[in-house]
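Visitor: I should like to go through this structure with you, step by step. Please let each answer close on the value or name requested.

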Amino acid sequence: MLEVEDVHTYYGLSHILFGVSLEAPAGEIVCILGRNGAGKSTTMKSIMGLTPPRRGTIRFKGAVITGLKPYRISRLGIGYVPDDRRVFADLTVGENLEISERARGGEHAWTLSRVYEFFPALGRIDGRRAGFLSGGEQQMLTIGRALMTNPELLLLDEPTEGLAPMVVHLLEEQIAALRDRGLTVLLAEQNQKVALRLSDRGYVIDNGSIRYHGSIQDLRENEDVRRKYLLV
Amino acid sequence: MDFGQSITLSAVGVHLLVGLSRAMILFIVSSGLSFVLGVLRVPNVAHGSLYMIGAFAAFTLNNAFGGGSAGFWLALVLSPFVVAGVALVAERALFCHLYQREHLMLLLFTFALMLILGDLVKMVWGADYRSITTPEVLEGSLPILGSSFPKYNLFLLIVGPLVAVGLYLFTNKTKIGKIARAAAVDRDMVDAIGINVSWVFAFAFVLGCFLAGLGGALVAPTISVTLGMDHDIIIEAFLIVTIGGLGNMWGALLGSLIFGVTQSLGVLLWPQFAIVFPYLAVVIVLVWRPTGMLKSVW
Ligand SMILES: Nc1ncnc2c1ncn2[C@@H]1O[C@H](COP(=O)(O)OP(=O)(O)OP(=O)(O)O)[C@@H](O)[C@H]1O
Ligand SMILES: [Mg+2]
């Protein structure tokens with residue numbers, strides 16, 4: 001589904017990603033684990049075209065998407081849920097979802113009512129301004145917004161950050177449900193517990209380079225790697 | 001101190017109405033400026049030039065259609081589209097490459113554009129004074145409050161609220177309006193949900209300039225259309241947008257009302273210094289609320 005190959009990304013002069021390569025096969029949840037500032041978000045943004053890589057190739061469903069504008073990448077079927085949530089604060093919940101709608105994928109396509117079915121909490125606050133939502137509600141909204149574009153691959157950047165355990169649990173279930181519906185998910189997390197429970201395979205990133213990758217089983221068992229790159 | 005005329009209740013009433021009708025023009029122009037500021041973050045100094053082009057275009061179109069009633073109405077409807085066309089060309093050729101630049105650059109750039117457009121107007125229309133006659137229905141005055149009130153000003157008092165309502169419906173009820181509001185705050189995120197922000201910005205810019213053109217066409221029958229009218233309006237429009245709250249449409253309305261009304265009451269109170277009153281009002285508002293009366297989107 002997604003192949004990232006030897007990607008180098010810069011912010012101005014500072015070199016942030018040093019040849020990141022990873023793969024997300026169709027129908028799997030793949031996690032990128034790493035500490036603060038390791039380069040998880042930058043990897044996500046590079047895939048989305050928000051910080052276009054200076055070197056390397058990104059392929060989606062076999063086609064090269066490096067260098068495309070974010071809106072083109074979105075239209076090809078990649079949904080993006082940013083780390084800092086970034087709901088459109090001035091718009092209502094319903095409007096946030098409405099402007100994101102891109103009809104695609106036939107009868108199983110995500111629509112406003114399907115998103116409300118999936119996140120009943122959102123349906124109840126349809127008319128509320130997004131800026132007034134709680135952290136958990138905002139996170140559901142950003143996921144709902146990405147779903148409205150009817151993606152095949154979902155980029156989830158630290159979806160559980162700063163949320164209460166109850167909400168984390170709920171989101172975890174919903175993310176698993178999305179995979180069961182056939183969505184591929186690339187999940188960036190600092191929260192090892194969530195990532196190790198959810199994912200099928202994992203990558204560990206540190207200082208802008210991938211240090212480890214393997215099945216989630218391997219990663220669970222590999223204390224050394226986790227201690228070396230993930231503990232603060 | 002030399003008062004211009006004895007201040008009667010009826011004089012105050014009529015001046016108030018004149019001020020309000022003047023405020024409608026100011027509102028139409030400054031709401032366009034504010035919209036462009038809010039969505040694109042571009043302080044468009046050339047906005048006044050587009051207003052001037054609107055007025056000149058109205059003059060030419062009016063003549064082209066043989067003057068008279070039909071000429072007036074056609075000119076009024078078509079001039080804003082002429083201005084929108086100019087704006088679209090400017091946006092696609094120049095502005096769209098500059099949005100990421102810092103504000104000082106944008107100020108300098110749009111200032112240069114103002115000079116260029118001013119020269120263009122001079123080349124096309126010359127430096128003469130032009131005037132447009134109003135159609136018969138809007139000619140003359142009506143007796144109001146024991147004084148006479150120009151029908152054309154009454155017409156402005158109807159058009160202004162219509163534009164306000166139209167703009168409100170556009171930004172709140174249409175999908176493109178909602179997208180524009182979202183893009184005003186987070187351009188990248190709008191991009192990432194699959195929307196070509198470049199065209200949203202082009203549309204927002206053209207709409208803002210359309211309003212400048214409409215203001216120019218509407219004001220044309222009430223003034224001498226001539227070079228320099230761009231400078232006057234742009235200063236007023238920026239002050240209005242600042243006291244109203246950058247990017248806030250209702251702020252532009254409120255600012256215009258304050259500006260227009262203090263201006264015309266100033267004429268009544270102290271004609272020699274009438275021009276000072278609105279600026280005094282601006283200073284008072286800014287001391288009281290430095291970021292404008294209503295919420296700024298910046
Ligand atoms: N806009 C920016 N300009 C310059 N440097 C940046 C910018 N954004 C991030 N960085 C730097 O890039 C590096 C990687 O940041 P990134 O946000 O990708 O990390 P992360 O793994 O997502 O961390 P976190 O867990 O805190 O979200 C960091 O050193 C950070 O300081
Ligand atoms: Mg991050």
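**Salt bridges, ligand shell and surface**

Guide: With a relative accessibility of 12%, D206(A) counts as buried. This is a predicted model, and the values discussed here are computed from it.

Visitor: Are E152(A) and K61(A) buried, partly exposed or exposed?

Guide: Buried requires under 20% relative accessible area and exposed requires over 50%. E152(A) has 33% relative accessibility, and K61(A) has a relative accessible area of 46%. Because each value falls in between, E152(A) and K61(A) count as partly exposed.

Visitor: How many residues separate D90(A) and R129(A) in sequence?

Guide: A salt bridge joins the side chains of D90(A) and R129(A), at 3.7 Å from N to O. D90(A) lies in the loop between β6 (78–81) and α3 of chain A, and R129(A) in the loop between α5 (120–123) and α6 of chain A, so the pair ties together parts that are apart in sequence by 39 residues.

Visitor: Which residues do salt bridges with shared partners join into one network?

Guide: A search of the whole structure finds 16 salt bridges over all chains. Salt bridges that share partners form one network, whose members are E3(A), E5(A) and R59(A).

Visitor: Which helix gives the most residues to the shell around ligand 1?

Guide: The surroundings of ligand 1 include Y11(A), I16(A), R35(A), E158(A) and Q190(A). Among the other residues around ligand 1 are K40(A), S41(A) and T42(A). The helix that gives the most to this shell covers residues 40–48 of chain A and supplies three residues; it is α1.

Visitor: What share of the area that ligand 1 exposes when taken alone does the protein bury?

Guide: A polar side-chain atom of N36(A) lies 2.7 Å from an oxygen atom of ligand 1, and a polar backbone atom of A38(A) is 3.2 Å from an oxygen atom of the ligand. An N or O atom in the side chain of T42(A) is 2.5 Å from an oxygen atom of ligand 1. Taken alone, ligand 1 exposes 640 Å², of which the protein buries 61%.

Visitor: How many of the 14 residues of α6(A) are buried?

Guide: Helix α6 (residues 135–148) of chain A should span 20 Å at 1.5 Å a residue, which agrees with end C-alpha atoms that are 20 Å apart. The helix is followed by N150(A), whose phi is positive, near 50 degrees. α6(A) is largely enclosed by the rest of the structure, because the number of its residues that are buried is 13.

Visitor: Which backbone nitrogen does the side chain of N44(B) reach?

Guide: N44(B) is found in the loop between α1 (9–40) and α2 of chain B. At 1% relative accessibility, N44(B) counts as buried. At a distance of 3.0 Å, its side chain reaches the backbone nitrogen of A46(B).

Visitor: What is the area of the nonpolar surface patch that contains F65(B)?

Guide: F65(B) lies in the loop between α2 (47–64) and α3 (68–93) of chain B. F65(B) is partly exposed, with a relative accessible area of 39%. Together with L74(B), V77(B), L78(B) and F81(B), F65(B) makes a nonpolar surface patch of about 440 Å².

Key. Residues are numbered from 1 along each chain as its sequence is written. Chains are lettered from A and ligands numbered from 1 in the order in which they are written. This is a predicted model: local features need pLDDT of at least 70, side-chain atom pairs count only at pLDDT 80 or more; totals for chains, interfaces and linings use all residues. Side-chain values use heavy atoms; hydrogens and water are left out. Helices (H or I, at least four residues) and strands (E, at least two) are DSSP runs, numbered from the N terminus. The expected span of a helix is 1.5 Å times one less than its number of residues. Buried means under 20% relative accessible area, exposed over 50%, partly exposed in between (1.4 Å probe, protein chains only). Patches are made of residues with over 30% relative accessible area and no salt bridge: like charges are joined within 9 Å, nonpolar side chains (Val, Leu, Ile, Met, Phe, Trp, Tyr) within 5 Å. Accessible areas come from the Shrake-Rupley method with a 1.4 Å probe; for residues, only the protein chains shown count as cover. A salt bridge is a side-chain nitrogen of Lys or Arg within 4 Å of a carboxyl oxygen of Asp or Glu. A residue is near a molecule or strand if one of its heavy atoms lies within 4 Å of it. A polar contact is a pair of N or O atoms within 3.5 Å; within protein, one must be able to donate a hydrogen and the other to accept it, and residues adjacent in sequence count only if both atoms are side-chain atoms.
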